[in-house]
Structure formats: C-alpha cells, structure tokens
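Keep the sequence and the coordinates open side by side.

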Amino acid sequence: MLDLHLVEAVDAADGAHIKISGCPNGCGQHHLAGVGLQGSSYKVGKLEVPCYDIFVGGGGYQGAAKYGTRVTRVLAKKAHLEIGRAHV
C-alpha cells in the first residue's frame, strides 16, 4: 500500500507525471510517465516479495510517445525512498 512517504517523494520529483500499474500489462501507463512504477515480485526461497520496477523518462501522451527506461527494482515498502534517486 502506498503511504504518505511515497506522496512526499512524488512531490519532490519536480511535478513529473507519476503513474503506477499493478502488473506488467501497463493499464496505468507506467511506461509513459516521467516516473513510473510497475508492480512485480521476486522469490526469496519460498517467500514471494512484493516490489516495484521503477521507470524514468517517459512522456508524450499525445502523438509521439516516449517509453521510460527501467532503472531499478525495489521492495514495495521502500519505493518512496527510491523515487527521488531514480528521477535525478
């Protein structure tokens, strides 16, 4: 669940469009945002850990769209810490 820390990190990202999708299908258009988060997970032994892939640099919603670049994967509960770093 996204919390106040994530909202504050988004505000610090200089007004960039922030989009979040819960899965790789991209319904939230995370790949077209200045900062995009795509829900994913990875396994540690038998434990499945929720995380986000963070994309930066997308834009152009009308006409010539530009896909963002995947820069990292982070634990979902730590995503608010990474947005500022990824957007630099």
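Buried means under 20% relative accessible area, exposed over 50%, and partly exposed in between, with a 1.4 Å probe and protein chains only. The model is predicted: local features need pLDDT of at least 70, side-chain atom pairs count only at pLDDT 80 or more, and totals for chains, interfaces and linings use all residues. Residues are numbered from 1 along each chain as its sequence is written, and side-chain values use heavy atoms, leaving out hydrogens and water.

Start with D53. This residue sits in strand β3, residues 47-56; strands are DSSP runs of E, at least two residues, and helices are runs of H or I, at least four, numbered from the N terminus. D53 counts as buried because its relative accessible area is 4%. What does the side chain of D53 make a polar contact with? The partner is the side chain of R70, at 3.5 Å. Leaving aside residues up to four places away in sequence, D53 touches G36, L37, Q38, S40, R70, T72 and R73. Touching here means heavy atoms within 4.5 Å.

Now the nonpolar core. Such a core is a set of buried Ala, Val, Leu, Ile, Met, Phe, Trp, Tyr and Cys residues joined through side-chain atoms within 4.5 Å. The largest one has 8 residues: V35, L37, Y52, I54, V56, V74, A79 and I83. Two or more residues each come from β2 (35-44), β3 and α2 (79-86). Strand β3 gives the largest share, 3 residues.

Finish with L47, also in strand β3. L47 counts as exposed because its relative accessibility is 55%.

Conventions
A polar contact is a pair of N or O atoms within 3.5 Å; within protein, one must be able to donate a hydrogen and the other to accept it, and residues adjacent in sequence count only if both atoms are side-chain atoms.
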